[in-house]
Amino acid sequence: GATTFSLGVVSASGFKLSYTYSSDVNGDGQFNDLIYIPAVGNNLMFQDYTVGTTTFTAAQQAEAFSSFIDANPYLKNRRGDYAERNGAQAPWLTRLDFAIEQDLFVKVGKQGKANTIRFRADFLNFGNLLNNNWGVGNISTTPQPLNYRGRTTAGEPIYRLATQVVDSRTILLRDSWVKSKTLSDVYQVQLGVRYIFN
């Protein structure tokens, strides 16, 4: 019988994201203030703080924030300006679905009518079967990299840089995006059998 191959491709830009402070900077009672991306990464005032047994100094946070900006194409291009509402975007994602069908003819009855048995295999997110880095989505480590902590006596804002967990260790924010870990990020195989009466 006939053999049928099908290949589907879905390729789309990532979801939109707004980079905001994780606290109320302008005093309006809302936690949606867009961050300012400094022209120079280390010219913000940071506050030392401790997570567990690790202390993050102001200098370490300034350096880490500058590196975070430079590693993010959107933030890097906005240096010296404010982030835009829904201005950032997750990386592009492409996924492939592949299917194969095989028909087998079976003669039944006195007249020898040919019925069909159809076997089908669907490979969802097929690219991930070929390479485990393909077809994997991205999630944001945080859309709120800075936590506003108040102001100096001179009126300069003070911040803390967000952290992330890498290999069970808490570190200063480093990555804008990490790989997603959901069922749709790995390949899946679905098998089916269909009997078609003539």
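Author: One term first: a residue counts as buried under 20% relative accessible area, exposed over 50% and partly exposed in between, with a 1.4 Å probe and protein chains only. This is a predicted model, in which local features need a pLDDT of at least 70 and side-chain atom pairs count only at pLDDT 80 or more, while totals for chains, interfaces and linings use all residues. Residues are numbered from 1 along each chain as its sequence is written, and side-chain values use heavy atoms, with hydrogens and water left out.

Reader: What pLDDT does the protein average?
Author: The average is 93, and 99% of the residues score at least 70; pLDDT is the predictor's confidence in each residue, from 0 to 100.

Reader: And where is confidence lowest, and where highest?
Author: Confidence is lowest in strand S12 (residues 146-151), with a mean of 93, and highest in helix H3, at 96. Helices (H or I, at least four residues) and strands (E, at least two) are DSSP runs, numbered from the N terminus.

Reader: OK, salt bridges next: how many are found in the whole structure?
Author: The search finds eight salt bridges, where a salt bridge is a side-chain nitrogen of Lys or Arg within 4 Å of a carboxyl oxygen of Asp or Glu.

Reader: Which residue does Arg78 pair with?
Author: Arg78 forms a salt bridge with Asp81, and their closest N and O atoms are 3.4 Å apart. Arg78 is buried, at a relative accessible area of 19%, whereas Asp81 is partly exposed at 35%.

Reader: What about Arg120, which partner does that one have?
Author: Arg120 forms a salt bridge with Glu101, with the closest N and O atoms 2.6 Å apart. Arg120 lies in strand S10 (residues 113-124) and Glu101 in strand S9, so this pair ties together parts that are 19 residues apart in sequence. Arg120 is partly exposed at 33% relative accessibility, while Glu101 is buried at 17%.

Reader: Which residue meets Arg118 in a salt bridge?
Author: The partner of Arg118 is Asp103, at 2.7 Å from N to O. Here Arg118 lies in S10 and Asp103 in S9, so the pair ties together parts that are 15 residues apart in sequence. Asp103 is buried, with a relative accessible area of 10%.

Reader: Which residues do salt bridges with shared partners join into a network?
Author: Arg78, Asp81 and Glu84 are joined into one network in that way.

Reader: Switching to aromatics, how many pairs are counted?
Author: The count comes to 11 aromatic pairs. Rings of Phe, Tyr and Trp (its six-membered ring) pair if their centres lie within 6.5 Å, and planes under 30 degrees apart count as stacked, over 60 as edge-to-face and the rest as tilted. Phe46 and Phe65 form an edge-to-face pair, 6.2 Å centre to centre with 70° between the planes. That pair links distant parts of the chain, with Phe46 in strand S4 (residues 45-46) and Phe65 in helix H1, 19 residues apart.

Reader: What is the geometry of the pair between Phe98 and Phe126?
Author: Phe98 and Phe126 form a tilted pair, 5.0 Å centre to centre with 35° between the planes. Phe98 sits in strand S9 (residues 93-108) and Phe126 in helix H3, 28 residues apart. Phe98 is partly exposed at a relative accessible area of 21%, while Phe126 counts as buried at 17%. Ring pairs also link Phe5, Phe98, Phe123 and Phe126 into a cluster.

Reader: One last thing, the backbone: which phi value does Asn125 have?
Author: Asn125 has a positive phi of about 55° although it is not a glycine. Most residues other than glycine have a negative phi. Asn125 is found in the loop between S10 and H3 and is buried, with a relative accessible area of 4%. Ser168 also has a positive phi, near 65°, and that residue is exposed, with a relative accessible area of 75%.
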